[in-house]
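Trainee: I have a structure open and would like to talk it through. May we begin?

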Amino acid sequence: MSLLAKRSIIKEDKSNIITLGAIAKEEKKKDPSVINATIGMYYDEKGKLVTYKSVNEALMELTDDEKYAYASTPGSNSYHEALKRWIFRQYYDEFMQKTFVSCMATPGGSGAISNTFTNYLNEGDEVLIPNYMWGNYKQFAYENHASYRTYNLFKDGHLDLDDIKKNISELKEKQKRILLVINDPCQNPTGYTMTDEEWIILTDFINEVSSDGTPFILLHDMAYIDYDYRGFDSTRNNLRLYQKLNKNVLVILAFSGSKTLALYGIRIGAQVAISTCEENIIEFAKANKFSSRAKWSNTTNLGANLIAKVILDDEKRKAFEKELEDARNILVKRAETFIASSKEVGLETLPFQCGFFITIPCKNPDEVYKKLVQKKIHIIPLGNVLRVTISAITIADCKLLPKMIKDAMIELNI
Ligand code: PLP
């Protein structure tokens with residue numbers, strides 16, 4: 001008989017990303033010619049994990065207290081100020097005037113998602129997530145005694161808004177509350193980025209469906225926002241739509257220090273809650289502080305203080321932005337190269353605008369994965385797609401890879 005509690009017996013981390021990533025890393029250690037396009041971290045053109053010089057310099061300036069003392073559970077005022085300045089940018093004053101905002105430090109964007117699922121789903125409720133997704137969403141749901149349903153991400157190469165609306169209406173009927181997850185821009189795994197028009201239609205619908213008092217929580221997972229080719233300012237434009245949402249709506253932005261500042265292992269991120277109703281924000285702060293305390297007590301002080309130091313100092317922030325822009329430009333070059341090469345060899349990809357990943361529809365991804373490993377290429381098979389992490393490979397690899405994937409598919413008759 002299992003010693004595990006009933007709900008835990010079926011627990012098994014089925015995500016193969018970490019496992020296959022570890023295999024690829026080992027293989028690359030033995031043979032540097034191996035192409036490792038598995039784990040979602042950013043590597044430079046020499047194959048070295050990118051760390052930002054400006055962030056490293058700020059790290060050296062942190063005092064022992066700033067690094068090693070306990071942090072407060074929600075994070076310090078300066079961390080919160082840094083988050084708001086960074087995320088709202090040119091709209092900072094507008095947000096401060098028109099909405100209520102509260103920040104909660106979390107271990108990465110992961111902690112932000114987990115806390116949100118904990119506090120905005122009743123037992124057995126379904127969270128609405130995309131059909132092509134970062135698989136961890138499903139685990140966060142189970143861990144929080146909830147379930148999930150998926151919306152079609154695409155119809156005719158664009159966001160399937162009809163399917164999102166249909167699912168929202170059904171959930172409204174069924175559970176009288178909605179928690180919708182949108183991962184934008186640079187969606188993982190596809191790289192899809194919503195258009196301005198899609199954002200307007202979505203936020204209008206959220207207003208409409210919640211106008212009768214139905215609680216609507218929009219979890220906006222913005223992990224990759226700073227790698228969008230449109231640049232820092234343009235990517236903030238659609239956030240303004242949140243200022244028009246009614247008092248039954250709460251938006252929670254999941255911010256990832258892992259991606260924006262390449263602080264993957266430091267485990268720092270945040271929930272940034274926005275609402276036009278102060279009550280929603282007060283209860284957000286109370287409940288999420290409780291959950292943070294119950295789950296991880298507090299985050300790394302080092303991570304939060306480091307982010308505050310880089311962002312709140314004009315000179316440091318500008319230097320960091322320049323480095324981040326350079327990294328983004330290389331990522332854009334990789335993407336352009338991969339997409340052009342795919343077109344040349346007739347390799348289909350799912351709609352892509354920008355980001356760390358490009359996804360290829362595939363009937364038998366496990367077989368293609370095995371075939372490619374024989375050719376020293378490691379990518380991730382996921383359901384009915386293959387995910388290529390372009391943030392982890394070079395421009396030269398991006399030129400070669402589509403043909404190698406296409407050839408493997410042809411050899412396997414796929
Ligand atoms: N959201 C998405 C879509 C991701 O891909 C990731 C990480 O890969 C995260 C959130 C959270 O990352 P972290 O917890 O490291 O901030």
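Predicted model: local features only at pLDDT ≥ 70, side-chain atom pairs only at ≥ 80, totals over all residues.

Trainee: Let us start with the helices. At what angle do the axes of H6 and H12 cross?

Mentor: Helix H6 covers residues 108-120 and helix H12 covers residues 278-295; their axes cross at roughly 120° and come within 10 Å. Two packed helices are described by just these two things, the angle between their axes and the distance between the axes.

Trainee: Is the crossing of H6 and H12 right-handed or left-handed?

Mentor: H6 passes H12 in a right-handed crossing.

Trainee: And which residues make the contact?

Mentor: H6 contributes Ser-114, Asn-115, Thr-116, Thr-118, Asn-119 and Tyr-120. From H12 come Phe-284, Ala-287, Asn-288, Ser-291, Ser-292 and Lys-295.

Trainee: How many of the residues in that contact are nonpolar, polar or charged?

Mentor: Eight of them are polar, three are nonpolar and one is charged.

Trainee: While we are on H12, where is Phe-290, and is Phe-290 buried or exposed?

Mentor: Phe-290 lies in helix H12. Phe-290 counts as exposed because its relative accessibility is 64%, and the cut-off for that word is over 50%.

Trainee: How far apart are Phe-290 and Tyr-224?

Mentor: In sequence, 66 residues separate Phe-290 from Tyr-224, and in space the C-alpha to C-alpha separation is 28 Å.

Trainee: New topic. How many disulfides does the structure hold?

Mentor: The structure holds zero disulfides.

Trainee: What about Cys-277?

Mentor: The sulfur of Cys-277 is 17 Å from the closest cysteine sulfur, that of Cys-103, so this pair is too far apart for a bond as well. Cys-277 is buried, with a relative accessible area of 17%.

Trainee: Which side chain does the side chain of Asp-31 join in a polar contact?

Mentor: The side chain of Asp-31 is joined to that of Ser-33 by a polar contact of 2.7 Å.

Trainee: And how far is Asp-31 from Lys-376?

Mentor: Asp-31 and Lys-376 are 345 residues apart in sequence, and their C-alpha atoms are 8.9 Å apart in space.

Key
Residues numbered from 1 in each chain as written. Heavy atoms only, no water. Axes fitted to C-alpha atoms, helices over the stretch in contact; angles between N-to-C directions. Helix = DSSP H or I, 4+ residues; strand = E, 2+ residues; numbered from the N terminus. Left-handed = near helix turned anticlockwise from the far one by under 90°. Contact = heavy atoms within 4.5 Å. Nonpolar A, V, L, I, M, F, W, Y, C, P; charged D, E, K, R; others polar. Disulfide = S-S within 2.5 Å. Buried < 20%, exposed > 50% of the residue type's maximum accessible area, 1.4 Å probe, protein only. Polar contact = N/O pair within 3.5 Å; in protein donor to acceptor, adjacent residues only side chain to side chain.
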